[in-house]
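My entries follow the structure.

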Amino acid sequence: MSDSFVPVARLTDLAPGEALGLEVSGLEIALVRDEDGGVHALADICSHDDVALSDGDVEGCTLECWKHGSQFDLVTGRPLQLPAVRPVPVYPVRVDADGQIAVDPEHALTGSAG
Ligand code: FES
């Protein structure tokens with residue numbers, strides 16, 4: 001079984017409520033820790049305009065685009081309000097027992113199915 005997870009950061013690099021912009025295998029990824037401590041990885045490009053979502057604010061389990069305020073669900077990538085209408089891709093995340101965070105950039109979970 002192939003393992004396409006790439007180590008990207010450690011849990012200690014990312015406090016709850018923070019987002020980090022990373023390049024993983026040539027993709028711009030926003031690594032986000034929700035306010036409950038869960039870790040998520042989304043494409044770091046707002047689906048409304050070409051700006052980095054990692055520069056936005058984490059609120060609960062959403063990431064708010066700094067430019068026009070659309071909030072994206074961190075689990076599904078779907079925008080919860082206008083002006084964005086298309087979801088952004090979400091990638092699988094693994095957190096190992098030692099706190100190592102890994103992202104699988106090759107297998108987007110959502111974001112392409114409307
Ligand atoms: S650029 Fe993100 S909501 Fe407009």
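**Hairpin and sheet**

I began with S3 and S4, which form a hairpin with five residues between them; in the turn, Gly37 has a positive phi of about 100 degrees. Strands here are DSSP runs (E, at least two residues), numbered from the N terminus. The model is predicted: local features need pLDDT of at least 70, side-chain atom pairs count only at pLDDT 80 or more, and totals for chains, interfaces and linings use all residues. Residues are numbered from 1 along each chain as its sequence is written, and side-chain values use heavy atoms, with hydrogens and water left out.

I then checked the pairing (at least two DSSP bridges between two strands). S3 (residues 27-33) runs antiparallel to S4, with five bridges joining them. Val32 stands opposite His40 in S4.

How many residues of S4 are buried? I found five of the five in S4 (residues 39-43) buried, meaning under 20% relative accessible area with a 1.4 Å probe, protein chains only.

Next I followed S4 to S8 (residues 90-91): two bridges join these antiparallel strands, and Leu42 faces Val90 in S8. On the S2 side, six bridges pair S2 with S3, again antiparallel; Gly21 has Ala30 in S3 as its bridge partner.

I noted the order of the open, four-stranded antiparallel sheet as S2-S3-S4-S8. Its edge strands are S2 (19-24) and S8, each pairing on one side only.

Last, I looked up the record: an unreviewed UniProt entry lists "domain: Rieske" at residues 6-102, and such annotations may be inferred rather than shown by experiment. I noted 0% helix and 41% strand for that span, with its end C-alpha atoms 5 Å apart.

Note on methods: Buried means under 20% relative accessible area, exposed over 50%, partly exposed in between (1.4 Å probe, protein chains only).
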